[in-house]
Amino acid sequence: MKPSQLISMIECGDADSMLKRIYVTDSAVEEQKPRYIRTAKTFIELFGDDRDVMVLSAPGRTEICGNHTDHNNGKVLAASINLDAIAVAAKSDKPVINEKSEGHPMNTVDLTSLEPDPVNYGKSSSMIKGIAAKFKESGYTIGGFDACTTSDVMGGSGLSSSAAFEVLLGTVISHLYNDGKIDSVTIAKAAQYSENIFFGKPSGLLDQMASSVGSFVTIDFESTQNPVIKKVDFDFEKSNHALCIVDTHGNHSDLTDDYAAVRNEMESVAQAMGKSVLREIEYEDFLKAIPELTKKVNDRAIIRAMHFYNENIRVENAVSSLEKNDFDAFKKIIIDSGYSSYLYNQNVYSPSNPTEQKLSLALCLSQQLLEGKGAWRVHGGGFAGTIQAFVPLDMLEEYRQTMDAVFGEGSCYVLIIRPVGEARVI
């Protein structure tokens, strides 16, 4: 299908059923159409209208429970959401990837040279190169392509805009060159590899896995090579609550060291006990070792390790509560998770800038509004960015107005849980 034919198909409604599989509601489909048309028109402007194109998508994700556990092989509960990154892409006969993201310069990646380069850490082109390199190393076919992409996953929101982009590029290669046969877990692992080795960010696997696999999922990372992934049978729409993400618009500059310190300190505890990550150590053995650990690692590392172990238990209990349709028990677990992140994992504000505490303010306001009714917690990596709240529907407008008044109009997002992960849309 040529890009101009794609535009006509969307305009006349012939793509509605395909879009609804991804975006769930008729109103969401209508909201998406202009973005798809705009992206296809950009493709024509940059690359012409003479090649067949595919349309692909990878969602953002929301972490439900399991804050900062994945990087030490822990357990998480997450869900893909309706905000996503999309691509209109076509094969090229040159060993070059040209990727143009809306609002950003063109990324050009030469596939004849696929080595990581620290000089290019932090660049989107490095993410693309890393994914191609990992697929090639794993025996998959790679090749050049041209793509126009756009994303409505807000950067710095804790909804994993970078993971959605990485998974999207992996999905493009899977469908253009491998008949869509690269499975979701492999795509997620390639995305994480790219972010760690080529982009230079020490992330865990949660973000990429939740984006790639999709829906409500609980993931046990005890084996990072073969994580145990389980779909959670729960119809959120019947809970009579809205899932809200509040963007506090905090300063995200220079937070890499804060994120890295959480992982490094947890691992320092494991290494002091002769292991690589905390999951390799039984909780009881860790508790018994605390007197000796105080002589080997800093206090915060021990406290963060305590968070890790108890957060894993909370994930198990949260999943059990959802499967039993006990949403009140689930909300209590979410609040406990948030308190643990604040008090023990200590990722609600940066210690390098302790007077800026927008997340703390959002959590405080949420407690005032929702105590005894809803739930609230820090969301994602923390230190700046977003909080998550489960808000009773009859309180939604009051909650949204309060958050928008403090953090700016449009700061409170109401999300839809997306039923699929990475996908070819059209």
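1. A quick definition to start: two strands pair if DSSP finds at least two bridges between them. Please keep in mind that this is a predicted model.

2. With that in hand, have a look at strand E3, residues 96-101, and strand E5, residues 145-151, which pair in the parallel sense over 5 bridges. Glu99 has Ala147 of E5 as its bridge partner.

3. E3 also pairs with strand E4, residues 106-110, this time in the antiparallel sense and over 5 bridges. Here Glu99 turns up again, with Asn107 of E4 as its bridge partner. E3 and E4 form a hairpin with 4 residues between them. In the turn you will find Gly103, whose phi is positive at about 85°.

4. Next comes helix H5, residues 161-177. From first C-alpha to last, H5 reaches 24 Å, close to the 24 Å expected at 1.5 Å a residue. Is H5 enclosed by the rest of the structure, or exposed? Of its 17 residues, 15 are buried, so H5 is largely enclosed by the rest of the structure. Just after H5, Asp179 takes a positive phi of about 55°.

5. Finally, do look at helix H10, residues 299-323, and helix H11, residues 327-345: they pack at an angle of about 170°, and their axes lie 9 Å apart. Because angles over 145 degrees count as roughly antiparallel, H10 is roughly antiparallel to H11. Among the residues making the contact are Ile303, His307 and Arg314 of H10, together with Phe330, Ile333 and Tyr344 of H11. The contact residues divide into 9 nonpolar, 7 polar and 4 charged.

Methods:
Residues are numbered from 1 along each chain as its sequence is written. This is a predicted model: local features need pLDDT of at least 70, side-chain atom pairs count only at pLDDT 80 or more; totals for chains, interfaces and linings use all residues. Side-chain values use heavy atoms; hydrogens and water are left out. Helices (H or I, at least four residues) and strands (E, at least two) are DSSP runs, numbered from the N terminus. Axes are lines fitted to C-alpha atoms, for helices over the stretch in contact, and angles run from 0 to 180 degrees between N-to-C directions. Angles under 35 degrees count as roughly parallel, over 145 as roughly antiparallel, 65 to 115 as roughly perpendicular and the rest as oblique. Contact means heavy atoms within 4.5 Å. Ala, Val, Leu, Ile, Met, Phe, Trp, Tyr, Cys and Pro count as nonpolar, Asp, Glu, Lys and Arg as charged, and the others, Gly among them, as polar. The expected span of a helix is 1.5 Å times one less than its number of residues. Buried means under 20% relative accessible area, exposed over 50%, partly exposed in between (1.4 Å probe, protein chains only).
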